[in-house]
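Colleague: I have a few questions about this one before I set anything up. Can you put it on screen and start wherever you like?

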Amino acid sequence: MTRALHFLNRLFASPGWVLLLVVVFSLAYFIFAHEGFYWIDDYGYAKYAWQVAEGTFSVTPTIHASNPLTHRLMTFAPVALFYKFFGINIYTTTLWPLLCTLGCSGLIYFLYRKENPKVAVFGMILLGLYFHTLFLATYLFSDNILMFFAFAAVAVLYRFRYQTAGQKQLLYVAWFVLFNFLAFLTKETIIYYLPFYLFLFLQDLFQKKRLAFWLWSAGLGILVLAFYFGYYHFRTGDFLYRFHVIEQTNTAYHGDAPAPTDAAKLFSRLTSAPLFFFIGSGIMLPLIFALGLLPGLKFRKFSPILEPAYFWFLLTFLVLIQFWFGSTSLQFYNPISLLPRMITHLLPPLCLAGAFGLQQFLTGNRSVCALFAFLFLVSTFLDRSNTVLMYAPLAVFFTFLWWKMRKPGKQQNAYLFTVLMLAAVLGLRPLYFMYKPSLMSFQEENKIVKEYLNQESGRNLVIGDRWQNFMYDFHYGFERNPHYEYRQYKEAGTDFSQYDKVYLLVNRSNLSNPDMAKWQTIQEPEINRLYPEKKLIAHKGKVLLYQVK
């Protein structure tokens with residue numbers, strides 16, 4: 001037992017081994033829990049990537065009307081390279097968000113592997129094993145890509161301020177501006193970092209430090225943005241075209257004159273709803289650990305010079321405030337959707353603040369341990385979802401440690417057991433998703449289409465659901481097979497005399513998917529009534545292919 005504990009202590013004391021474990025676990029999730037496309041957005045990004053690879057992409061025409069997705073170039077442009085080199089499939093489509101997700105853990109390792117190994121270990125575990133970090137790594141959304149570029153920008157800022165003593169200033173200016181611009185080319189919500197940058201600038205201004213860094217950054221940033229907005233003016237006659245498209249999108253969703261928001265719903269959104277969202281999404285876990293920095297909080301830690309732990313704590317706090325109360329529109333109040341993917345740019349600084357909070361607890365601070373136990377207990381009682389499986393064990397764990405810490409020297413192996421407990425509670429849900437049946441049955445449908453619905457002869461009709469009719473061209477590498485026509489169940493009619501063969505494609509996962517409830521207006525019993533005479537020719541999982549007689 002002693003030898004095993006010694007081995008585990010050495011293993012988890014090494015940031016390099018922990019990074020390797022995070023990478024292996026992430027790859028396992030990517031392979032075994034991949035669901036294909038989530039919805040219209042990631043399919044749209046994939047199609048834009050194909051257009052970039054083919055040289056037909058334009059930033060102004062869009063696949064969907066009044067949609068800002070075409071302006072998020074760094075979401076899909078790198079995917080075009082993967083398409084060119086490795087072909088079009090669902091794994092090459094989502095390799096880019098996976099690399100960005102792993103890149104965030106790599107940045108934590110780079111920043112703290114020598115300076116503070118325990119913070120590096122806790123930060124990588126909190127971020128790398130968090131379910132929604134892994135979940136979004138398997139979809140071509142902007143959010144994990146933004147998370148990487150935004151984190152890279154503040155990592156450059158952190159390293160320049162704390163680890164290089166202000167050396168190589170112009171190099172860090174260039175990296176800082178570049179990563180912020182790439183983040184802006186990924187998603188507009190990088191602007192949530194601006195108040196933090198402003199705080200640091202004002203702090204340096206009053207202290208008369210690092211002013212050259214900010215002047216060079218501002219000058220280079222203005223130059224880059226001038227070229228960027230100038231391009232839009234050249235193409236559209238509107239410098240702020242991208243932002244006007246966003247406003248058009250908000251108007252399309254809410255109407256030209258949005259009705260006043262229900263007072264009760266608005267009050268809930270501004271008060272308790274975000275709190276329950278943090279609890280239900282699991283974000284409360286690193287947030288509770290970040291609050292471990294509060295018992296030692298003093299104003300001097302923010303000014304005149306931020307201590308490293310409070311650098312991340314302040315960034316977390318400022319982004320949280322904007323997420324809680326901010327609006328996606330300047331014309332009317334439109335609260336940010338309470339979805340985990342809307343706040344991924346918060347996760348790296350939050351997890352690092354949480355790592356420093358855990359380090360504070362490991363110094364033998366019993367009051368911090370009591371705070372953790374109390375907050376996890378409260379979260380357990382307030383939780384309305386299965387994340388109670390995270391909070392309840394942690395409440396018991398920190399309560400037990402608090403009791404053990406009543407006598408000095410009783411917290412032996414506290415670091416190891418804390419790491420193991422975190423890995424266990426965070427890894428439970430991703431492991432379940434690797435094991436459970438597919439929600440979308442995308443892989444099975446893709447195999448059937450390529451094997452049975454990709455012949456080079458005849459005129460054939462494929463009758464499927466609304467989602468299949470929307471995205472079926474991906475199965476053909478976005479180059480539709482001219483011998484196959486797709487129609488929806490209720491729109492196919494009954495006269496098939498003009499077709500050589502008629503197929504009925506039924507994906508039971510799509511039909512029962514609650515996220516597609518508004519799209520799937522027909523279920524299998526009605527499909528069978530519409531097409532009673534059919535022969536089953538292929539069956540993979542929950543996907544069935546019939547030939548209609």
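Modeller: Let me start with R210, which is partly exposed because its relative accessible area is 25%. Keep in mind that this is a predicted model.

Colleague: Where does R210 lie?

Modeller: R210 is in the loop between α10 and α11, the latter covering residues 211-236.

Colleague: What is the phi of R210?

Modeller: The phi of R210 is positive, about 55°, although R210 is not a glycine.

Colleague: And which residue does R210 form a salt bridge with?

Modeller: The partner is D204, and the closest N and O atoms of the pair are 3.1 Å apart. D204 counts as buried because its relative accessibility is 1%.

Colleague: How many salt bridges does the structure hold?

Modeller: There are 13 salt bridges in the structure. One of them is between K436 and E35, with the closest N and O atoms 3.7 Å apart. K436 sits in the loop between α20 (414-435) and α21 (442-452), and E35 sits in the loop between α2 (15-32) and α3 (40-54), so this pair ties together parts that are 401 residues apart in sequence.

Colleague: Are K436 and E35 buried or exposed?

Modeller: Both K436 and E35 are buried.

Colleague: What about D143, which residue does D143 form a salt bridge with?

Modeller: D143 forms a salt bridge with R341, and their closest N and O atoms are 3.4 Å apart. This pair also links distant parts of the chain, 198 residues apart. D143 is in helix α8 (residues 143-162), while R341 is in the loop between α16 (308-325) and α17 (347-362).

Colleague: How do D143 and R341 count in terms of accessibility?

Modeller: D143 counts as buried because its relative accessibility is 1%. R341 has 21% relative accessibility, so R341 counts as partly exposed. The cut-off matters for R341: buried means under 20% relative accessible area.

Colleague: Back to backbone angles. What is the phi of S441?

Modeller: S441 has a positive phi of about 55°, and S441 is not a glycine either. S441 is found in the loop between α20 and α21, the loop that also holds K436. With 2% relative accessibility, S441 therefore counts as buried.

Colleague: Switching to helix packing. At what angle do α4 and α5 pack?

Modeller: Helix α4 (residues 73-86) and helix α5 (residues 90-112) pack at about 130°, and their axes are 8 Å apart. α4 and α5 are therefore oblique to each other.

Colleague: Is the crossing of α4 and α5 left-handed or right-handed?

Modeller: The crossing of α4 and α5 is right-handed.

Colleague: And α3 with α4, how do they pack?

Modeller: α3 and α4 pack at about 60°, with their axes 7 Å apart. That pair is therefore oblique. The crossing in which α3 passes α4 is right-handed.

Colleague: What is in helix α5 that is worth a look?

Modeller: I108 is in helix α5. I108 counts as buried because its relative accessibility is 0%. The C-alpha atoms of I108 and F151 are separated by 9.4 Å, and these two residues are 43 residues apart along the chain.

Colleague: Next, F278. Where is the place of F278?

Modeller: F278 is in helix α14, residues 273-281. F278 has 1% relative accessibility and therefore counts as buried.

Colleague: Last topic, the surface. Which residues form a nonpolar patch?

Modeller: L198, L202, L205 and F206 form a nonpolar patch on the surface. Together they have about 400 Å² of accessible area.

Colleague: Where is the place of L205?

Modeller: L205 is in helix α10, residues 194-207. L205 counts as partly exposed because its relative accessibility is 38%.

Technical notes
Residues numbered from 1 in each chain as written. Predicted model: local features only at pLDDT ≥ 70, side-chain atom pairs only at ≥ 80, totals over all residues. Heavy atoms only, no water. Patch = residues over 30% accessible without salt bridge, like charges linked within 9 Å, V, L, I, M, F, W, Y side chains within 5 Å. Areas by Shrake-Rupley, 256 points an atom, 1.4 Å probe, with all protein chains shown as cover. Salt bridge = Lys/Arg side-chain N within 4 Å of Asp/Glu carboxyl O. Helix = DSSP H or I, 4+ residues; strand = E, 2+ residues; numbered from the N terminus. Buried < 20%, exposed > 50% of the residue type's maximum accessible area, 1.4 Å probe, protein only. Axes fitted to C-alpha atoms, helices over the stretch in contact; angles between N-to-C directions. Parallel < 35°, antiparallel > 145°, perpendicular 65-115°, else oblique. Left-handed = near helix turned anticlockwise from the far one by under 90°.
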